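User: I'm new to this structure and would like to learn how to read a few of its features. Can we take them one by one?

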Amino acid sequence: LTMAQKVSASKHELGSQEIGNAMFGLQGMSSEHPETRIIVAQVANKIRASHSMLDPQGVSNSLFGLQRLSSESQEVKALIQALAQKVEHCWKALSAHHIAYACYGLQQLGSDSNEVRFLLKTLVAKILACREEMTTKQISYALYGLRNMMGDVMEVLAMITAITEKINLTSDQWNGQNLSLALFGLQG
């Protein structure tokens with residue numbers, strides 16, 4: 001059996017850690033390949049079928065795993081929708097680290113799909129709820145994740161506004177690498 005068939009045939013319901021680990025494992029896979037899209041579709045089905053809530057680490061690992069997946073395919077859009085619903089229902093506050101890595105994983109996604117915009121909306125709420133100071137490295141990771149998104153989209157603007165609040169509160173000093181990574185993320 002192929003991996004996609006094994007995922008589909010599994011009767012096991014995924015918990016938060018399993019969802020996070022499964023998604024984290026996808027981080028190097030490109031959605032340009034049909035085989036990847038088949039696996040993504042099966043993982044999306046398993047996530048939708050799960051009754052488990054994601055914890056902050058599950059949110060971070062899940063979204064970090066998206067980093068090479070493009071939101072142009074229907075399979076990835078279905079995965080994003082399933083994940084966004086899980087992120088929305090995460091009741092624990094995300095740390096600055098969790099936010100940075102979750103946002104970093106968005107780097108190949110475009111802001112033109114409803115699924116991505118819904119995910120951004122849920123992340124804005126998580127960013128605003130974070131009471132932890134973000135380092136400039138964490139801020140730069142969060143902004144870098146927006147690199148393929150258009151700045152005239154309401155949800156993208158809300159993300160930038162939420163991250164700007166974190167910039168205004170940081171006592172950390174910007175170095176060249178973090179500054180250039182953050183600015184590169186704002187190219188859209």
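This is a predicted model: local features need pLDDT of at least 70, side-chain atom pairs count only at pLDDT 80 or more; totals for chains, interfaces and linings use all residues.

User: Which residues of H2 are buried, and why do they line one face of the helix?

Analyst: Start with the general idea: an α-helix has 3.6 residues a turn, so residues three or four places apart point the same way. Now the case here: H2 covers residues 16-25, and its buried residues are Ser 16, Ile 19, Gly 20 and Met 23. Looking down the axis of H2, you'd find these buried residues within an arc of 95°, so they line one face.

User: What about Tyr 144: buried or exposed?

Analyst: Buried means under 20% relative accessible area. Tyr 144 has 13% relative accessibility, so it counts as buried. You'll find Tyr 144 in helix H8 (residues 136-144). Leaving aside residues up to four places away in sequence, Tyr 144 touches Tyr 104, Gln 107, Leu 181, Phe 184 and Gly 185.

User: And which residues form a nonpolar patch on the surface?

Analyst: Look for Trp 174, Leu 179, Leu 183 and Leu 186, which together have about 350 Å² of accessible area. Leu 186 sits in the segment after helix H10 (176-185). Because its relative accessibility is 38%, Leu 186 counts as partly exposed.

Definitions and conventions:
Residues are numbered from 1 along each chain as its sequence is written. Side-chain values use heavy atoms; hydrogens and water are left out. Patches are made of residues with over 30% relative accessible area and no salt bridge: like charges are joined within 9 Å, nonpolar side chains (Val, Leu, Ile, Met, Phe, Trp, Tyr) within 5 Å. Accessible areas come from the Shrake-Rupley method with a 1.4 Å probe; for residues, only the protein chains shown count as cover. A salt bridge is a side-chain nitrogen of Lys or Arg within 4 Å of a carboxyl oxygen of Asp or Glu. Helices (H or I, at least four residues) and strands (E, at least two) are DSSP runs, numbered from the N terminus. Buried means under 20% relative accessible area, exposed over 50%, partly exposed in between (1.4 Å probe, protein chains only). Contact means heavy atoms within 4.5 Å. The arc is that of the directions from the helix axis to the C-beta atoms.
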